Amino acid sequence: MIWRGTTNDGSVSEFERFAARQLVEAGAADVRAIAAEHNVHLVRLSTTSLFWMRFDDDVDERGRATLLAVEAALNRLWYVAWAAEAADGGVGMLHAFDQHFCAQAAQGALREASRIAGRIAAAEGADNPHRTVGGASGQRGGAWDVMTRFAAICERTRFPFRLEYRFDVDVASGAMAVRFAVPTPAMFPATRLEAPGWQDARARRPAHAAAYAVRLAGLLAQAAFASSVRITAVDLTAHEGALDGRPVLSLGFERTPFVMGAQPALRDGRCDDPALDDDPLALLHILRPARHAVAFAADRGLAAIEPLPLNPAFAANRVPLWRDGRPLPEALRPLLRADTAAELDVMHDDAAVGSDDVRAIVEDNEDSPLVGSVQLEAALAQLGEIGLDGQGRLPLYCGQPAMRLLVSLNPAESPDTAIPGIEQTPASERRYWKIPDAVYDAHLWLGRFAHRSGEHERAVAEAVQCLTLAPTTPRSYVELAVRHAEQDQYAQAADVLVRGLRVATLEQDYVYMYYRLAYALWQTGRHNQAVACYTLVTDCANEALADTAREELGELRRQTDDARPPMARAEAEQVLRAAGIPVAPTEAATETLARAAIGLIDAGFPLAAADAVWLVGRHTGGSDVLGALPPSLRLGVADAPQPD
């Protein structure tokens with residue numbers, strides 16, 4: 001497109017010349033060099049039809065700015081195509097329009113607040129399809145309802161530049177805070193087509209960027225108030241270039257003055273005036289925020305500022321989980337098997353012996369399993385007895401935060417895995433304490449060392465201990481199944497894996513479990529079920545595992561003279577269900593995660609729900625709305641923690 005648009009060929013259309021100018025000014029020539037060192041992919045979003053550049057997180061600041069500028073240039077061309085379709089009855093014959101038409105459409109997209117404000121207004125009061133997810137529903141007007149409404153508006157609305165944002169909500173106080181990124185001046189067009197012709201606009205770009213930031217702040221404020229009548233105040237802070245960029249604008253709005261003043265101005269076109277592109281201060285006077293922190297430089301661009309202070313309610317809901325002693329709602333306690341938020345933590349570990357210590361023992365004794373076992377036993381002795389604590393709580397290890405929310409589904413409960421002293425406690429009243437990570441790791445490797453030493457009974461016993469301590473961690477089931485398979489006890493291996501599939505929610509976990517289960521079923525003569533398990537593995541994201549599964553599936557079918565056409569995924573799932581083998585992630589696991597996550601968010605515990613929301617989003621159709629929530633749940637609008 002650049003080559004054609006910059007030649008003297010008389011057949012080149014005005015649109016092609018306009019497109020070439022936009023891409024050249026954005027720095028499209030540098031994309032090839034960036035793509036040579038990083039993964040860069042261009043996609044179209046199904047929700048908005050806009051272009052989106054996917055690229056590695058380690059792209060440097062300059063490269064990121066170039067990619068986002070090119071992305072924005074491509075989207076301006078999409079706005080031109082959209083305008084062409086509107087002008088010629090939906091045909092969209094771009095070659096029939098001159099550069100003045102193209103420039104009017106592209107430049108107008110940068111200031112067209114009224115169109116976006118109209119879309120936001122249309123969403124206000126509409127049903128929220130995300131209030132009920134995975135079989136669980138949030139309270140109408142509760143935090144989950146408000147957050148999904150706001151995220152849906154942001155994800156489904158077309159903005160001329162990429163919208164990156166995080167936000168926080170406290171429904172009780174009616175407060176919302178939004179942290180959002182705004183484009184740098186260099187991401188704006190370097191030239192503008194005006195009455196005399198193409199004009200150099202580089203000196204005006206700081207003002208253009210500032211005007212866009214003010215308009216965007218107003219629109220996001222409208223989205224915040226549209227998400228619920230319970231939101232009465234919103235504070236918004238813009239960061240230049242990225243969410244971790246310097247803060248350059250901080251505006252606060254109160255609901256009634258905004259609805260009476262700023263919102264009509266956004267909707268009736270007053271903020272669309274081209275003259276305001278060079279006068280961001282005038283835009284600020286139109287919106288009239290209740291509070292603000294803003295500083296304009298000599299070029300009318302935005303200078304660094306100190307953001308407005310946050311409502312204290314946000315910090316109260318973001319105490320680190322391990323020391324959050326707030327009581328959980330009574331309705332959630334039986335589901336979560338916990339009475340306080342701190343009991344849901346599985347990540348904080350300050351024990352005298354850590355996972356790194358266990359790893360060091362293992363690495364030092366790869367060829368000396370007996371010595372390694374002695375050292376691991378010493379580590380366990382240092383950590384003390386692991387059983388019921390002083391409050392009668394069960395010991396628990398979870399590999400991931402979401403696994404802690406699944407304890408009510410515990411499929412490992414059996415006489416072999418029972419903790420002495422717990423037999424008389426009703427399941428819904430059982431509570432747990434987090435064991436040191438090193439305890440689980442030590443038992444895991446004691447079992448592996450025992451296997452290497454030929455001590456099968458000890459190896460199985462250690463694997464059972466891992467399952468007892470970690471009944472919602474899929475690795476525990478795999479470990480025990482492997483110990484059985486090593487002794488050709490394939491029926492026992494299959495039984496363990498089938499139980500584990502009931503709580504497996506991460507794709508890499510359940511895909512590998514199906515792979516191990518397929519071979520166990522093959523060896524026990526359950527060939528059709530084995531084919532079904534292999535089928536589920538062959539289309540997984542792990543290409544190496546998928547290739548291995550295809551090879552083993554081919555060998556199975558040759559040995560059994562199976563000449564049928566390849567089994568489709570739907571048929572494979574039907575075969576498994578008919579045999580009583582769970583199709584992971586199960587509906588019960590997804591619903592449990594959804595109930596826990598939504599309930600926690602509505603109750604003011606966003607940190608405890610972030611991982612579960614991500615998983616539920618993956619398992620209920622990959623909703624862009626649910627996918628957008630976890631960063632906000634984890635961080636709110638605070639600065640992201642810096643790596644050590």
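Modeller: Start with Q263. Leaving aside neighbours within four places in sequence, Q263 is in contact with Q222 and F258.

Biologist: What makes that a contact?

Modeller: Contact means heavy atoms within 4.5 Å. Q222 and F258 meet that rule with Q263. The model is predicted: local features need pLDDT of at least 70, side-chain atom pairs count only at pLDDT 80 or more, and totals for chains, interfaces and linings use all residues. Residues are numbered from 1 along each chain as its sequence is written, and side-chain values use heavy atoms, with hydrogens and water left out.

Biologist: Where is Q263, and is Q263 buried or exposed?

Modeller: Q263 sits in helix α9, residues 255-267. Helices are DSSP runs of H or I with at least four residues, strands are runs of E with at least two, and both are numbered from the N terminus. Buried means under 20% relative accessible area, exposed over 50%, and partly exposed in between (1.4 Å probe, protein chains only). Q263 has 14%, so Q263 is buried.

Biologist: Why are D437 and K434 called a salt bridge?

Modeller: The rule asks for a side-chain nitrogen of Lys or Arg within 4 Å of a carboxyl oxygen of Asp or Glu. D437 and K434 are at 3.1 Å, N to O. That meets the rule, so the name applies. D437 is buried at 16%, while K434 is partly exposed at 23%.

Biologist: How do you know that R475 and D441 qualify?

Modeller: Their N to O distance is 3.9 Å. The limit is 4 Å, so the pair counts. This pair links distant parts of the chain: R475 is in helix α18 (474-485), D441 in helix α16 (437-452), 34 residues apart. R475 is partly exposed at 35%, and D441 is buried at 12%.

Biologist: What separates R483 and E479 in helix α18?

Modeller: About one helical turn, because they are 4 residues apart in the helix. Their side chains form a salt bridge at 2.6 Å, N to O. Both residues are buried. Elsewhere, salt bridges that share partners join R111, R192, R215 and D277 into one network. The structure holds 41 salt bridges.

Biologist: What makes β5 and β11 edge strands?

Modeller: Two strands pair if DSSP finds at least two bridges between them. Five strands, in the order β5-β6-β9-β10-β11, form an open sheet with mixed pairing. β5 (165-170) and β11 (291-294) each pair on one side only. The twist averages 10° from one strand to the next.

Biologist: How do you know that β10 pairs with β11?

Modeller: 4 bridges join β10 (247-254) to β11, and the two run antiparallel. The rule needs at least two, so they pair. L249 stands opposite V294 in β11.

Biologist: Which helix lies across β6, β9 and β10?

Modeller: Helix α8, residues 205-226, running at about 145° to β6. Axes are lines fitted to C-alpha atoms, for helices over the stretch in contact; angles run from 0 to 180 degrees between N-to-C directions.

Biologist: What makes a set of residues a nonpolar core?

Modeller: Its members are buried Ala, Val, Leu, Ile, Met, Phe, Trp, Tyr and Cys residues, joined through side-chain atoms within 4.5 Å. The largest has 120 residues, and F180, L336 and L600 have the most contacts inside it. Helix α8 gives the most to this core, with 15 residues. Apart from it lies another core of 49 residues, including Y490 and W522.
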